[in-house]
Each structure stands twice: as structure tokens, then as C-alpha cells.
Amino acid sequence: EPGLGLGVKWGRTGVCDGSSHHWCDKKCDSNCLMGGAQDNRGMVCFDGTSGWLVFDVKGVKHGFIGGRMEPWHKPNEIPEMGITNGWTEENNGGDGNYGKSGGARRLVEERSRRAVREGVERMEEEIARDIEAEGDISRRRLGGGQSCGLTGNDYTFEFAINGSVVTWDKAKFCEHFTRLNYNLDVIKFMDDPDKTGDFEVAMRMAGNTKEVMCISHLYWA
């Protein structure tokens, strides 16, 4: 079943596919419409106290399901994952924040809104630093994507296709973690031309770890 404790990090507004001709994050209150980057993506993130993240994948014709993964985020780096603060077991023992009401529920909602504001402020600060560093090679800042886990800690990643669970430790995950291009790192969950139709794809971090895993894209063919 779909779990609790999933952090949704919304992407910037507009079409942010990296191409030069699209309109990405150009808001009415922007100080410079020429500033910023043309690429951005939203993500769903989870740690070892989150439950299962579940997708219904319809109409697979060629037996392929994969995802663009971001396993390099440090704990507490994703404000949206504050939803699991204080949790010590998966799904917070089956309760989670979603069962709260009244004042407790309002505190959860306020924290979620604060996380969104902090994320926007952080992006604006990064854009300002990038503009300031423009043309200075020594200060050139490039994004992540070069690692299958920055903290050095081990973790256990699990995924399931129609309920059949596959378990990988960090070393096994890294074996399957494939770089297709800069900041485009993917995992194949299924690659079997004989398998077609509709599938349930689920994934989680096991073992109550606070190591964070994020997925920005789910691909199927």
C-alpha cells in the first residue's frame, strides 16, 4: 500500500527542460528575466521511515520501466523531508502526520508551507550566486549527480514490480546506477520485452535510515 512520509519537492514553474527557447521560472516579480537556469525538476523523496512510494504504470508495450534517481542528497538537505522529523519507524508506526487534526494538523501544514518558502528562497540565493559568478571560472558551480550516495553511509533500497520485491544494498544500487548524460542518472527497474500491460511499481528505503532517495522521472515503454 502507498506509504506515509513522502516529501514532494515541486519544480519551478514553466517549461524547464534545459532548452534555450523555453520560459522557465520567469515570474512577474523577477528582478532579471535573463537570470537563472533553464533546467529544473520536481521530485518525490523518501527516507527509511517513509512508507512505500507507489506508481500505477499503464500500457507498457516493450517491457521497460526505469527512473531518474537522485541518491546524493544529504539528510536534512530536502526541507520537504521534514515531514518525517521525529519518526523512528516506518510510516511512523502506521499513523503518520496525515491522521492529525486541529492544532496538530495546522502545525504540519504550516511546516509544509515553510518548507516551500525556504526552497524558493534557497533557489533565489543560488541564482544570485550564479549570476555573480558568471564569467569567473574559479567560481563556476556545477550541480550534483556524480554520486550514488554522498554521506558514505550504507543504505538498503527496495523496489517492487507487481508485489515482487527486489532488495539492493548501496553497492548493488551503485552497480545499476547508470549515467546517460550530465545530471541524468537512471535505474532500470524492468527490462523484459515479454512483459507488457499494466504494472504497479513501488520503492522505498528500508531499515529506518535517514538516508534520502529521490525520483524525478519515471519512464516506461
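The largest nonpolar core of this predicted model has 27 residues. A nonpolar core here is a set of buried Ala, Val, Leu, Ile, Met, Phe, Trp, Tyr and Cys residues joined through side-chain atoms within 4.5 Å. Buried means under 20% relative accessible area, exposed means over 50%, and partly exposed lies in between (1.4 Å probe, protein chains only). Ile65, Met69, Phe157, Phe173, Phe189 and Met203 have the most contacts inside this core.

Residues are numbered from 1 along each chain as its sequence is written. Local features need pLDDT of at least 70, side-chain atom pairs count only at pLDDT 80 or more, totals for chains, interfaces and linings use all residues, and side-chain values use heavy atoms, with hydrogens and water left out.

**Cores**

- The elements that give two or more residues to the 27-residue core are β2 (43–46), β3 (53–60), β4 (64–70), β5 (156–161), β8 (184–191), β9 (197–206) and β10 (213–220).
- β9 gives the most to this core, with 4 residues.
- Helices (H or I, at least four residues) and strands (E, at least two) are DSSP runs, numbered from the N terminus.
- Another core, of 6 residues, lies apart from the largest one; among its members are Met43, Cys45, Met81 and Val212.
- Isoleucine 65 touches Val57, Val60, Lys188, Phe189, Met190, Phe199, Val201, Leu218, Tyr219 and Trp220, leaving aside residues up to four places away in sequence.
- Contact means heavy atoms within 4.5 Å.

**Sheet and strand β9**

- Four strands form an open sheet in the order β3-β9-β5-β6, with antiparallel pairing.
- Two strands pair if DSSP finds at least two bridges between them.
- β3 and β6 (164–169) stand at the edges with a single partner strand each, so one side of each has no neighbour in the sheet.
- The twist averages 20 degrees from one strand to the next. Axes are lines fitted to C-alpha atoms, for helices over the stretch in contact, and angles run from 0 to 180 degrees between N-to-C directions.
- β3 and β9 run antiparallel and are joined by 6 bridges. Leucine 53 stands opposite methionine 203 in β9.
- β5 and β9 are also antiparallel, with 6 bridges. Glutamate 158 has arginine 204 as its bridge partner in β9.
- β5 and β6 are antiparallel, and 6 bridges join them. Here glutamate 158 stands opposite threonine 167 in β6.
- In β9, 7 of the 10 residues are buried, so the strand is largely enclosed by the rest of the structure.

**Disulfide**

- The structure holds 1 disulfide, a term for a pair of cysteine sulfur atoms within 2.5 Å.
- Cysteine 45 is joined to cysteine 214, with an S to S distance of 2.1 Å.
- The pair links distant parts of the chain: cysteine 45 is in strand β2 and cysteine 214 is in strand β10, 169 residues apart.
- The torsion about the S-S bond is about 105 degrees, so the disulfide is right-handed.
- Cysteine 45 and cysteine 214 are buried.

**Methionine 43**

- Methionine 43 is in strand β2. Its relative accessible area is 6%, so methionine 43 is buried.
- Leaving aside residues up to four places away in sequence, methionine 43 touches Gly7, Val8, Lys9, Glu70, His73, Ile78, Cys214, Ile215 and Ser216.
- Methionine 43 and methionine 213 are 170 residues apart in sequence and 9.8 Å apart in space, C-alpha to C-alpha.

**Serine 50**

- Serine 50 sits in the loop between β2 and β3. Its relative accessibility is 0%, so serine 50 counts as buried.
- A polar atom of the serine 50 side chain lies 2.5 Å from the backbone oxygen of glycine 5.
- Contacts of serine 50 are Leu4, Gly5, Leu6, Met81, Thr84, Glu90 and Asn91, not counting residues up to four places away in sequence.

**Positive phi at asparagine**

- Asparagine 92 has a positive phi of about 55 degrees although it is not a glycine. Asparagine 92 lies in helix α1 (residues 92–95) and is partly exposed, with a relative accessible area of 24%.
- Asparagine 162, likewise not a glycine, has a positive phi of about 50 degrees. Asparagine 162 is in the loop between β5 and β6 and is partly exposed, at 47% relative accessible area.

Technical notes: Polar contact = N/O pair within 3.5 Å; in protein donor to acceptor, adjacent residues only side chain to side chain.
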